[in-house]
Amino acid sequence: MTTARISIDRTNVVAPLNRRIFGSFVEHLGRCVYDGIYEPGHPTANEDGFRLDVVELVKELGTTTIRYPGGNFVSGYKWEDGVGPRQSRPVRRDLAWHSLETNQVGLEEFGRWCELTGSELMMAVNLGTRGIAEALDLLEYANGEAGTALADQRIANGRTEPYDIRMWCLGNEMDGPWQIGHMTSADYGKIAARTASAMKTADKNLELVVCGSSGSAMPTFGEWERVVLEESYDHVDYISCHAYYQERKGDLGSYLASSMEMKYFIDTVVATADHVKHRLRSQKTIQLSFDEWNIWYLDEHQASEEVNDEWRIAPRQLEDVYSVADAVVLGNLLITLLQNHDRVTSASLAQLVNVIAPIMTEPGGASWRQTTFFPFSVTSRLARGEVLRPRIDVGSYDTAVYGAAPLVDSVVTADAETGTSAVFLVNRSQTESIEVTIDVAGLGATSITEAVTLHDADPYAKNTFAEQTRVGLSPLAGAILADGTLTVTLPPVSWSALALA
């Protein structure tokens, strides 16, 4: 049997855990909002029309900050359409996804949904077809105290207290030719800087996210970040990263190593941001908001006719059904975000319900967990305290895309206050179980309180409408903790987690 050794140094701290790393994303796209989180008439719907079965799954998933309302959608959005009496709200064409938007859910409803799920609202402003004035108006409506026109309008619409939204995205994917209002890096950097400056004049404590590249394969990747930050560095706090992964041409080996590309993405953006920092002689360090990341079978989507000119309300779009292999990759991507948590301090799994999502629903019917639900929910629940960087000694395997890739990847968290810790592991081997010996003496652990794995003899097994519980977590058999050494055997193509006390 292949073996691996992991050493954990309690002083090798990446960063204190910021719960925003477990964020998600709700966009007005397909059935994410309508027939997803919102379905009046559903047996579980509350007075606002929100499905309470979905609310419970969101709570179980453990998401924190929720980015809203887009995504590509935001670049054509008029926020005013989604406030006030529902019966008077206009129906609009959404050019981003070629569908009809009823505006029955807007800031007011989504704000209540966030409170229902215990989530922090992260708002995006439209810099595609709108600009500074509209962003300031939205800020005043959302966060203003009584006594000004738009704050008083919010109060008249039934919301007395400000939403107190702290985190704001300055547009979305403005580097993409598909984006309504697409700009050059220089043009976007200037409008982002002016908008950010104005918003911080209104509230200096806002946390603002400037658009980075919408993917590392973009021809402008790296240079986009440099130019945008040179324009906006003094006024913003984060730069965004967006990345999606999928298996291509049956190359499961490369797919299982996708987190290596995410690491390259992070390293490049960090290096670019720090270059601008030193060039400007700034004392501030820009953080990364990985506010779109997930598994997305984009090639198949682009070859389909899901997005067309029929102008439908909440059409079925981007409803990928995920396999065990997809979930293992997602769990590994989350490990990578945690390994780089000193700079990636906010992240949003895109998206939350139905659209490339961990949660699926049927109109009038059931809701269920996709395979990708499990590594996210367990990591969010068990990770506490500080993120630690373990040393991993393990062999590698060859991939067509990334070259040599380690067979095992891992990250650790430890909470000094409770004396608990957690170890998260991935086995990328397609054929072999791997015995891993972990030195946990520095954690002070004496017992295993939980040991679970996501694995199936068929790495392409899925949870579907017909078989909603086909795949789930199972006990990680044979885990032993003795004399400061934890020994586990990881099945092939698996994601695993252990909680220690």
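Ala4 has Val436 as its bridge partner in strand 22. The model is a predicted one, in which local features need pLDDT of at least 70, side-chain atom pairs count only at pLDDT 80 or more, and totals for chains, interfaces and linings use all residues. Residues are numbered from 1 along each chain as its sequence is written, and side-chain values use heavy atoms, with hydrogens and water left out.

**The sheet**

The pairing of Ala4 with Val436 belongs to the contact between strand 1 (residues 2-7) and strand 22 (residues 434-439), which are joined in the parallel sense by six bridges. Strands here are DSSP runs of E with at least two residues, helices are runs of H or I with at least four, and both are numbered from the N terminus. Two strands count as paired if DSSP finds at least two bridges between them.

An open sheet is formed by five strands in the order 17-1-22-26-25, with mixed pairing. Strand 17 (391-393) and strand 25 (480-482) lie at the edges with a single partner strand each, so one side of each has no neighbour in the sheet. From one strand to the next, the twist averages 20 degrees; such angles, from 0 to 180 degrees, are taken between the N-to-C directions of lines fitted to C-alpha atoms.

| Strands | Sense | Bridges |
|---|---|---|
| Strand 1 and strand 22 | parallel | six bridges |
| Strand 22 and strand 26 | antiparallel | six bridges |
| Strand 25 and strand 26 | antiparallel | three bridges |

Within strand 26, Leu490 is the bridge partner of Ile434, and Leu486 is the bridge partner of Leu481. The hairpin of strand 25 and strand 26 has two residues between the strands, and Asp483 in this hairpin takes a positive phi near 55 degrees.

In a regular strand the side chains alternate between the two faces of the sheet. Buried means under 20% relative accessible area, with a 1.4 Å probe and protein chains only.

**The cavities**

Three cavities of 30 Å³ or more are present in the structure. A cavity is a set of points, on a 1 Å grid over the protein atoms alone, where a 1.4 Å probe fits but cannot get out, and lining residues have an atom within 4 Å of a point.

The largest cavity has a volume of about 90 Å³. It is lined by 13 residues, and the closest to its centre are Trp79, Ala124, Val125, Asn126 and Leu138. Strand 7 (120-125) and helix 3 (132-143) are the elements that each give two or more residues to this lining.

The second largest cavity holds about 70 Å³ of space. Its lining includes His28, Tyr34, Phe73, Asp94 and Pro315. Strand 6 (residues 99-101) provides the largest share of that lining, three residues.

**Leu121**

Leu121 is located in strand 7. Its relative accessibility is 9%, so Leu121 counts as buried. Although Leu121 and Thr65 are 56 residues apart in sequence, their C-alpha atoms are 5.8 Å apart in space. Apart from its neighbours within four places in sequence, Leu121 is in contact with Ile66, Tyr68, Leu107, Phe110, Cys114, Ile165 and Met167, where contact means heavy atoms within 4.5 Å.

Note on methods: 1 Å grid on protein atoms, 1.4 Å probe; cavity = no way out; pocket = protein on both sides within 12 Å on 5 of 7 lines; lining within 4 Å. Points joined across faces, edges and corners; volume = space filled by probe spheres on them. Buried < 20%, exposed > 50% of the residue type's maximum accessible area, 1.4 Å probe, protein only.
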